[in-house]
Amino acid sequence: MPPIVTFIGWHDSGKTTLASQVVHHLKQLDYQVAVIKSTKETGIVFDTPGTDTHTHRSAGADSVMLVAPDQMVLMTDNKSESLTSLAHRYFPEADIVIGEGFKKARHVSKIEVFRNSESNELLRNSVSGVIAVASDEPISGDHIFRLHEAAEIASFIEKRFLQGGARGADHTTLLINGNRVPMKFFVQDALAGTINGFVHSLKLRNSNAKIIDIRIILPDSKK
């Protein structure tokens, strides 16, 4: 599962500008980067009346995916999945997932973007997981960057999450109800070996499995 770093901050703090610049620098470093953005806005239109996707959505489809030669677009209802679950489900092959928003996400590293405001305080004082702050204000602490230091922030992310043993360290990921369960390497090996053994016992035509995805929905114990 790819590491996740999300940019948080008050409204109009410059999250999008800085996050997109960091993505640009990470791409220049030859990493595969996915982005997940959170917004409080509703009613955002992704298609227009008369299109096939709009027709399917109007018919009541919960999710619609458009597959074109150059892109894929997914439209679906918000099922309140965690940032970790979204990253695992839709971007498992990315080297890193950059988020925007999700300040309440649990067990996710965050970089706060802060601009001076008389009414706003640093979110790091009330939000968990803040590993760095980007601001032009005189702020003390570890890992403080200026708002124009996107390249330096990208280097910080690379060293912390992508270099050495950090990049792709976990080869087996377990999520329960959208929350990632940390596993030691011998547990990852045991779980992967067990599932791979079942797959080979099926005697499939193409048994050269490299990536196995499995999703288990347990019966409701109350029924």
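Start by selecting T172 and showing its neighbours: T172 touches M183, Q188, L191 and A192, leaving aside residues up to four places away in sequence. Keep in mind that this is a predicted model. T172 sits in the loop between α4 and β9 (175-176). Is T172 buried or exposed? With a relative accessibility of 12%, T172 counts as buried, because buried means under 20%.

Now switch to cartoon and pick out the sheet. Six strands make an open sheet, ordered β2-β5-β1-β6-β7-β8, with parallel pairing. Look at the edges: β2 (33-37) and β8 (144-145) each have a single partner strand, so one side of each is left without a neighbour in the sheet. Zoom in on β2 and β5, which pair in the parallel sense over five bridges. There you'll find V33 opposite I96 in β5.

α4 lies across β1, β5, β6, β7 and β8, running at about 170° to β7.

Time for side chains. The largest nonpolar core has 25 residues, and F7, V22, L26, I98, I153 and I157 touch the most other members. Among the elements that each supply at least two residues of this core are β1 (4-8), α1 (15-28) and β5 (96-100). Which element gives the most to this core? That's α4, with seven residues.

Click I98: its contacts include V5, F7, A19, L26, V35 and I157, again leaving out residues up to four places away in sequence. Last stop: a second, separate core of eleven residues, which includes A34, I36, V97 and F102.

How values were computed. Residues numbered from 1 in each chain as written. Predicted model: local features only at pLDDT ≥ 70, side-chain atom pairs only at ≥ 80, totals over all residues. Heavy atoms only, no water. Core = buried A, V, L, I, M, F, W, Y, C linked by side-chain atoms within 4.5 Å. Buried < 20%, exposed > 50% of the residue type's maximum accessible area, 1.4 Å probe, protein only. Helix = DSSP H or I, 4+ residues; strand = E, 2+ residues; numbered from the N terminus. Contact = heavy atoms within 4.5 Å. Pairing = 2+ DSSP bridges. Axes fitted to C-alpha atoms, helices over the stretch in contact; angles between N-to-C directions.
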